[in-house]
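Subject: Structure for your review

Dear colleague,

Please find below the structure that I am handing over to you. I would be grateful if you could read the notes that follow it with the model open beside them.

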Number of protein chains: 2
Amino acid sequence: MPSDRTRALILDAAERLYAERGFGDVTLRDIVASAGVNLAAVNYHFGSKDELIAELFVTRGIATNRERLAELKAAELAGGGRADVKAVLRALVGPTLRACLGPETERSTASRFMIRASIESVPPIRRIKNREVDHLRKFAGALHRALPDCDEADIYWGLHFALAMAHQTTRDTERLAKLSEGKCNVDDVEAVIDRIVDAAAMTLTTRTGASTNPARNDAKTMAARRTEKLKG
Amino acid sequence: MPSDRTRALILDAAERLYAERGFGDVTLRDIVASAGVNLAAVNYHFGSKDELIAELFVTRGIATNRERLAELKAAELAGGGRADVKAVLRALVGPTLRACLGPETERSTASRFMIRASIESVPPIRRIKNREVDHLRKFAGALHRALPDCDEADIYWGLHFALAMAHQTTRDTERLAKLSEGKCNVDDVEAVIDRIVDAAAMTLTTRTGASTNPARNDAKTMAARRTEKLKG
DNA sequence: CATAGTTTCATACAACTGTTTGAATTGCAA
DNA sequence: TTGCAATTCAAACAGTTGTATGAAACTATG
């Protein structure tokens, strides 16, 4: 009967430190010091540093995915089996944004850890990450049901853009705040979610012909083209 | 008269290795081996590893910014002193996307290095990065001139989203390709640029009331809210 | 050629990394 | 209690890191 106390202490400390400082700057000695356990405990309980990181990533990843899927299911239920575009996108980006933005005190360490994990591509995580696409495919399916006439590639692009905006917003709040001198309020999380959902939904619902290159031969673009040639 | 040859060899090798593998995985010994110079040369020519990275980042950053500004200037010239929204956005995201995507052989090491630098936040770079906002402010200004009636915060959000989509697209081509099973073609760079520019322009030009939270109390959202409460 | 300054080089250094070891301690069943 | 396994611990290990040293090689000037 293994006593999981030390194990849990290590997991908690590791998650917190990684979330705060990133993988590159945190050593096993930092973790065990913060957890108040012996250095050898990590290798005893997890085998190696990489296995510790992997366990952390798997556990927290499953939790995040469950949240997103629950929100998707709820939206589909409320819509009689079919959720509309914005509801799907909201289920996709909402949980992470809510956990990473908002009042400092309420931010979940788990989500900030996941953001770190998706930024810094450390080997043990890279190996696991491939499963993510299976999870995203469910949202692609839901979007396809909401937009039966939409081109499949456009749906993936919309998904990609939604994640891109959400991701960048969680990890680069600072630049946006500095650039806008505080005019962009990131504390109203639901408003931020609305912005991102609306923007992504627009790329999906508005026919602009972007996928077939419409307005790329106007004067301005050609001028830009010429400029671009110069640098080569 | 200092011979800059060794210096240049080091810079080139470092840029290439950092672009390929990231900062965490590249040691000074990797760099000097790849450059074919002695280990001590780095400290002799640059003082320290951090100063080498900083020099690389400053040099390449200036180059990228110059490209973007040239494209912006050209667009403004062609528009009689005022570039339209899409032209501004294209000047912002075009250079980086063209350099990072497209045929493997043409991708510039410099741009991939800059992407790395913006992903992995290593101390010497973090210190310099603040200057970036001054550069972005010029594009915010151009957008403001193109959209005099647009809310200032909306402009910053649009800029933020454009950079987010461009950034994520350059660094996570793999997931998009895997998710879409090749249906999203990233090789047609200009088409990708169009997509991103169109999407970002839409958030700027389409009045949706997103900034004031319109449709957040419909049935679906409330259901999602309930779900979200459960996790707490 | 000689000499002074610059640049290269092999080598050593100290600090830090993840991991291992073997003894000490603990918890619990017989 | 005794005995045994699970767990903790201090210490050491082997490897890697960035940096420093002092001698050697080079370059150009007088």
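**Conventions**

This is a predicted model, in which local features need pLDDT of at least 70 and side-chain atom pairs count only at pLDDT 80 or more, while totals for chains, interfaces and linings use all residues. Residues are numbered from 1 along each chain as its sequence is written, chains are lettered from A and ligands numbered from 1 in the order in which they are written, and side-chain values use heavy atoms, with hydrogens and water left out.

**Chain A as a whole**

Chain A has twelve helices and zero strands, where helices (H or I, at least four residues) and strands (E, at least two) are DSSP runs numbered from the N terminus. Read from the N terminus, its elements follow the order α-α-α-α-α-α-α-α-α-α-α-α.

Of the 232 residues in chain A, 51% count as buried; buried means under 20% relative accessible area, exposed over 50%, and partly exposed in between (1.4 Å probe, protein chains only). The chain exposes about 10700 Å², and carbon and sulfur atoms supply 51% of that area. These areas come from the Shrake-Rupley method with a 1.4 Å probe, and for residues only the protein chains shown count as cover.

Among contacts in chain A with a separation of 6 or more, 71% join residues 24 or more positions apart. Contact means heavy atoms within 4.5 Å.

**Helix packing**

Two packed helices are described by the angle between their axes and the distance between the axes. Axes here are lines fitted to C-alpha atoms, for helices over the stretch in contact, and angles run from 0 to 180 degrees between N-to-C directions. Angles under 35 degrees count as roughly parallel, over 145 as roughly antiparallel, 65 to 115 as roughly perpendicular and the rest as oblique.

A crossing is left-handed if the near helix is turned anticlockwise from the far one by less than a right angle, and right-handed if clockwise. On the α11(A) side the contact involves A:Ala199, A:Met202 and A:Thr203, which meet B:Ala199, B:Met202 and B:Thr203 of α11(B). The residues of this contact divide into four nonpolar, two polar and no charged. In this grouping Ala, Val, Leu, Ile, Met, Phe, Trp, Tyr, Cys and Pro count as nonpolar, Asp, Glu, Lys and Arg as charged, and the others, Gly among them, as polar.

*Within chain A.* The axes of α5(A) (residues 85-100) and α8(A) (residues 132-146) come within 9 Å and cross at roughly 165°, which makes the pair roughly antiparallel. Their crossing is left-handed. A:Val85, A:Val88, A:Leu89, A:Ala91 and A:Leu92 of α5(A) make this contact with A:Leu136, A:Phe139, A:Ala142, A:Leu143 and A:Ala146 of α8(A). By class, the contact has ten nonpolar, no polar and no charged residues.

*Within chain B.* Helix α5(B) (residues 85-100) packs with α9(B) at an angle of about 10°, with the axes 10 Å apart, so α5(B) is roughly parallel to α9(B). B:Leu89, B:Leu92, B:Val93, B:Leu97 and B:Cys100 of α5(B) meet B:Leu159, B:Ala162, B:Leu163, B:Ala166 and B:Thr170 of α9(B). This contact has nine nonpolar, one polar and no charged residues.

**Individual residues**

B:Gly158 lies in α9(B) (residues 152-171) and is buried, at 1% relative accessibility. Not counting residues up to four places away in sequence, B:Gly158 touches B:Ala200, B:Thr203 and B:Leu204. Its C-alpha atom is separated by 9.4 Å from that of B:Leu143, 15 residues apart along the chain.

B:Thr64, in α4(B) (residues 49-78), is buried as well, with a relative accessible area of 16%. Leaving aside neighbours within four places in sequence, B:Thr64 is in contact with B:Thr96 and B:Met114.

A:Glu181 has a positive phi of about 50° although it is not a glycine. A:Glu181 is found in the loop between α10 (173-180) and α11 of chain A and counts as exposed, at 56% relative accessibility. In chain B, phi of B:Glu181 is near 50°, again a positive value in a residue other than glycine; B:Glu181 is exposed, with a relative accessible area of 57%.

With kind regards
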